[in-house]
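Me: I have just opened this one and I am new to it. Could you walk me through it, starting from the inside?

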Amino acid sequence: MTGMLTSEELERYARHIVLREVGGPGQAALKAARVLVIGAGGLGAPALMYLAAAGIGTLGVVDDDEVSLSNLQRQVIHATPDVGRPKVDSAADKILALNPHVTLRTHAVRLNAANVREIFGGYDVIVDGSDNFSTRYLVSDACYLAKKTLVAGALGVFDASLTTIRAHEANAEGVLNPTYRCLFPEAPPPGTVPSCEEAGVLGALAGVLGSMMALEAIREIVGFGESLVGLLV
């Protein structure tokens, strides 16, 4: 046993541990981390799977929706027999089957101003895979007030965006890092941004962005490479 890792975990995470930028200390940091993923949908599905596979010690998911047949084209954490089940339950089965070392917390609720503070209190990093501006603003504001790191992604039809937000901290020049509201001071007028039901969405694109969101969360925990704080991909 090395640090906090058992012999079984050393074998499971061997390809991480041989990475100079991760190693045993980085893997132990992942095991000690608490990450909440908002949404078990197109972005949350791949993010949850890769975070679980990476060995995040405590992984949470918040979603009040049920699996529908039209979800399965992109929400790869769910399968055909899961149609009609709560998404958090379906996601939990896949996560624990993939990695039983993960402590999983499910929140089968819609995130709102009344519950966001309590839910966020149990986590260090928030990964926002929500699909509407009201939730994104709520999440960003709550992360700022609670001093949480936020990884925020959004899908277009053939494009996507990704950034990491630590608005409660200052950069090397002593200037506060940008918030989500710095990027988008106001939500677009209602009806100007079509939903994925209206405009469509490529399943593979959701998989790419969700995986990138997981990577950025892992980067923030372990501390390798260049953070996306102050940058927009």
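Me: Which residues touch the most other members of the largest nonpolar core?

Reply: Val 35, Leu 48, Leu 51, Ile 56, Leu 59, Ile 95 and Val 127 do, out of the 33 residues in that core. A nonpolar core here is a set of buried Ala, Val, Leu, Ile, Met, Phe, Trp, Tyr and Cys residues joined through side-chain atoms within 4.5 Å, where buried means under 20% relative accessible area, exposed means over 50%, and partly exposed is in between, with a 1.4 Å probe and protein chains only.

Me: And which elements give two or more residues to it?

Reply: They are strand E1 (34-38), helix H4 (44-54), strand E2 (58-62), helix H5 (87-98), strand E4 (125-128) and helix H10 (203-222). H10 provides the largest share, seven residues. Helices (H or I, at least four residues) and strands (E, at least two) are DSSP runs, numbered from the N terminus.

Me: Before we go on, what sort of model is this, and what is counted?

Reply: It is a predicted model, in which local features need pLDDT of at least 70 and side-chain atom pairs count only at pLDDT 80 or more, while totals for chains, interfaces and linings use all residues. Residues are numbered from 1 along each chain as its sequence is written, and side-chain values use heavy atoms, with hydrogens and water left out.

Me: OK, aromatics next. How many aromatic pairs are there?

Reply: There are four aromatic pairs, a pair being rings of Phe, Tyr and Trp (its six-membered ring) with centres within 6.5 Å, called stacked if the planes are under 30 degrees apart, edge-to-face if over 60, and tilted for the rest. Tyr 137 and Tyr 180 make an edge-to-face pair, because their planes stand at 75°, with the ring centres 5.4 Å apart. This pair links distant parts of the chain, since Tyr 137 belongs to helix H7 (residues 133-146) and Tyr 180 to helix H8 (residues 180-183), 43 residues apart.

Me: Are those two tyrosines buried or exposed?

Reply: Tyr 137 counts as buried because its relative accessibility is 9%, and Tyr 180 counts as buried at 6%. Tyr 180 also pairs with Phe 184 in a tilted arrangement, 5.2 Å centre to centre with 45° between the planes, although Phe 184 is partly exposed, at 31% relative accessibility.

Me: Which residues do the ring pairs link into a cluster?

Reply: The cluster consists of Phe 133, Tyr 137, Tyr 180 and Phe 184. Phe 133 also has the charged end of Arg 136 over its ring, 5.0 Å from the centre; a charge sits over a ring if NZ of Lys or CZ of Arg is within 6 Å of the ring centre and within 35 degrees of the ring normal. Elsewhere, Arg 105 lies over the face of Tyr 123, at 5.5 Å from the ring centre.

Me: Changing topic: how many salt bridges does the count come to?

Reply: The count comes to eleven, taking a salt bridge as a side-chain nitrogen of Lys or Arg within 4 Å of a carboxyl oxygen of Asp or Glu. One of them joins Lys 31 and Glu 9, with the closest N and O atoms 2.9 Å apart, and links helix H3 (residues 23-32) to helix H1 (residues 7-12) across 22 residues. Lys 31 is partly exposed at 24%, whereas Glu 9 is buried at 3%.

Me: What about Asp 64, what does it bridge to?

Reply: Asp 64 bridges to Arg 110, with the closest N and O atoms 3.4 Å apart. Asp 64 is in the loop between E2 and H5, and Arg 110 is in the loop between strand E3 (103-107) and helix H6 (116-120), 46 residues apart. Asp 64 is partly exposed at 39%, and Arg 110 is exposed at 54%.

Me: Last one, on the outside: which residues form a nonpolar patch on the surface?

Reply: Val 157, Phe 158 and Leu 202 form it, with about 310 Å² of accessible area together. Patches are made of residues with over 30% relative accessible area and no salt bridge, with like charges joined within 9 Å and nonpolar side chains (Val, Leu, Ile, Met, Phe, Trp, Tyr) within 5 Å, and areas come from the Shrake-Rupley method with a 1.4 Å probe, where for residues only the protein chains shown count as cover. Val 157 is in the loop between strand E5 (149-155) and strand E6 (160-165), and is partly exposed at 35%.
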